[in-house]
Amino acid sequence: MRRIAVIGLGYVGLPTAVVFASRGFEVVGVDVDVNKVRAVNEGRCYIREPGLPELLKDAVSRGLLRATTNGVEAVKEADAVIIAVPTPVERGVADLSYLRNALKVVRQGIHRGLLIIIESTVPPGTTAGFAKPFLEKSGLRVEEDFCLAHVPERIAPGRAVEELLNVPRVVGGVGPRSTEKAVELYSRVNPNLLSTDATTAEFVKLAENTFRDLNIAYANLLALIAEKLGIDVYEAIRLANTHPRVDIHWPGAGVGGPCLTKDPYMLVKVGEGVYGVELIELARGINEYMPQHTVEIVGKALSDNGIDIGRAKIAILGVAYKGGVDDVRGSPAKVIIEELRKLGADVVVFDPYTDETFGAVKADSVEHAVEGADAMVIVTDHPEFRQLDLGKLGKLMKHKIIVDGRRVFEPHTVIEKGFRYYGIGFGRAIKI
Ligand code: SAJ
């Protein structure tokens, strides 16, 4: 295998295409978006990923990577095709229309010996029960004429290159030959491969992300109980995690991103009718409530201090769904900003990674954001926020109130600087 076509040049497909090209494969990226295609061909990286721009530029200049909107031609010339298109979930049901379109392109260019990989997250049974018969309509037979496997992506935005090369990958073919061929391909970029069948691989992907969502939901529930009891949940979780078999995640202003907000619903759907499957929905519900709860804490912080929310200026720090990335998909910041604005607050946002504001006013510096503000609300744990000079920022604010949605600051250090500290799961007496 020497030539690869990667269909879908987003957060998963672009790093995947670049990493394969950096290992000497001739890669053609395929996307319907002409801007992405142009950017790649000009050697420009349009997503913020450490190490990716350099690798991309190098691959393009060595002639190992190019992009096109003509997927059929790319598939015809390829030995392997990797599909990395979105599979959004709408009202609990996976929308497979992008995958269907990609498979249509593949079917038009299919030929003997082609290896087809689906990396997109899909409901268990999709590769064997939908993709296989769909592709066999070409007249070619899977395992005999072509191979088909599901290799779930495991890229966390912000660590794409490192994770592609080092995080173990699950490889599930629709038959032994497909698994073997897929292992052969991925072994050129990652030595840690684990073989299984396609449906198990699909299930594993949902199991991983749902585990994380459940764990965070439990942490968020503990935070709500701790607030009621007057306990600091972060201290409690830190202590609980000293138990050798306990690993509770961290509560916060919400759980965003493209995966944890949707993958659990795919598991609920395929598990319909199974006793207890509501557990997953309930956990999702807790996580979806946290942005609203953050707004409630902001409301309490303001009213405790005699400030009318309808006249308040609120500085939001962080719009991205998690620290260190420019990705705003499913970000809790959206709900928080929209709700605060509905309540009449004047909302200014600062995020050094993204220009998105979700309707609020954008500040180009943290100083600008907090100037004259009644409260500062931390929504994203960007590493830069931990270094902020609160002494200096406090002087610019109208009221020195912090609502920390990510425990970016240690409460006592903030209180020492004359602030009133409020936070998710911080039930301690907080006024000084
Ligand atoms: N979060 C918390 N508390 C925590 C950890 C995270 O509230 O203790 C929040 C974050 O702030 C963020 C959200 O959860 O809003 C999701 O962030 P994340 O870092 O947990 O996950 P993603 O969505 O960036 O990446 C996940 C990863 N899956 C797992 O860790 C099991 C990644 O490996 C997957 O490739 C990715 O989903 C995916 O594409 O499915």
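Helices are DSSP runs of H or I covering at least four residues, numbered from the N terminus. Phe 134 lies in one such run, helix α6. The model described here is predicted.

## Domains

The protein is divided into two domains, with domain 1 covering 3-198 and domain 2 covering 228-423. Taken over C-alpha atoms, the centres of domain 1 and domain 2 are separated by 35 Å. Domain 1 contributes 16 residues to the contact, and domain 2 contributes 15 residues.

In soluble globular proteins, nonpolar side chains tend to be buried together. The largest nonpolar core of this model has 40 residues, and those touching the most other members are Ile 4, Phe 20, Val 27, Leu 65, Ile 117 and Leu 185. Helix α1, residues 13-22, gives the most to this core, with six residues. Another core, of 36 residues, lies apart from it and includes Ala 312, Ile 314, Leu 340 and Ile 424.

With residues up to four places away in sequence left out, Leu 185 touches Met 1, Ile 4, Phe 20, Phe 25, Ala 80, Ile 82, Leu 115 and Ile 117.

## The cavity

Rolling a probe the size of a water molecule over the atoms shows where empty space is left. A search of the whole structure finds one cavity of 30 Å³ or more. The space in the largest cavity amounts to about 30 Å³. Its lining is formed by Val 19, Phe 20, Leu 164, Arg 169, Tyr 186, Val 189 and Asn 190. By class, the lining residues of the largest cavity comprise five nonpolar, one polar and one charged.

## Selected buried residues

| Residue | Element | Relative accessible area | C-alpha separation |
|---|---|---|---|
| Thr 68 | strand β3 | 15% | 5.1 Å to Val 30 |
| Phe 134 | helix α6 | 5% | 24 Å to Glu 184 |
| Ile 401 | strand β15 | 2% | 57 Å to Val 174 |
| Pro 411 | helix α16 | 5% | 8.7 Å to Phe 426 |

Thr 68 counts as buried because its relative accessible area of 15% falls under the 20% limit. The residue belongs to strand β3, residues 65-68. Val 30 is 38 residues from Thr 68 along the chain, yet their C-alpha atoms are separated by 5.1 Å. Beyond four places in sequence, Thr 68 touches Val 28, Gly 29, Val 30, Asp 31, Val 37 and Ala 74.

Ile 401 is found in strand β15, residues 401-404. Its relative accessible area is 2%, so Ile 401 is buried. When neighbours within four places in sequence are set aside, Ile 401 is in contact with Ala 301, Asn 305, Ile 307, Asp 374, Ala 375, Met 376, Phe 419, Arg 420 and Tyr 422. Val 174, by contrast, is 227 residues from Ile 401 in sequence and 57 Å from it in space, C-alpha to C-alpha.

Pro 411 has its place in helix α16, residues 411-416. Not counting residues up to four places away in sequence, Pro 411 touches Tyr 421 and Phe 426.

Phe 134, in helix α6, is buried at a relative accessible area of 5%. Excluding residues up to four places away in sequence, the contacts of Phe 134 are Arg 100, Leu 103, Lys 104 and Arg 107. Glu 184 is 50 residues away along the chain, and 24 Å separates its C-alpha atom from that of Phe 134.

## Backbone angles

Most residues other than glycine have a negative phi. Glu 143, which is not a glycine, has a positive phi of about 75 degrees. This residue lies in the loop between α6 (126-136) and β8 (147-150). Phe 358 likewise has a positive phi, near 50 degrees. The loop that holds Phe 358 runs between β12 (346-350) and β13 (361-362). Phe 358 is buried, since its relative accessible area is 13%.

Note on methods: Residues are numbered from 1 along each chain as its sequence is written. This is a predicted model: local features need pLDDT of at least 70, side-chain atom pairs count only at pLDDT 80 or more; totals for chains, interfaces and linings use all residues. Side-chain values use heavy atoms; hydrogens and water are left out. On a 1 Å grid over the protein atoms alone, a cavity is a set of points where a 1.4 Å probe fits but cannot get out, and a pocket is an open set with protein on both sides within 12 Å along at least five of seven lines; lining residues have an atom within 4 Å of a point. Grid points are joined across faces, edges and corners, and a volume is the space filled by probe spheres set on the points. Ala, Val, Leu, Ile, Met, Phe, Trp, Tyr, Cys and Pro count as nonpolar, Asp, Glu, Lys and Arg as charged, and the others, Gly among them, as polar. A nonpolar core is a set of buried Ala, Val, Leu, Ile, Met, Phe, Trp, Tyr and Cys residues joined through side-chain atoms within 4.5 Å. Buried means under 20% relative accessible area, exposed over 50%, partly exposed in between (1.4 Å probe, protein chains only). Contact means heavy atoms within 4.5 Å. Domain bounds come from an automatic or database domain assignment.
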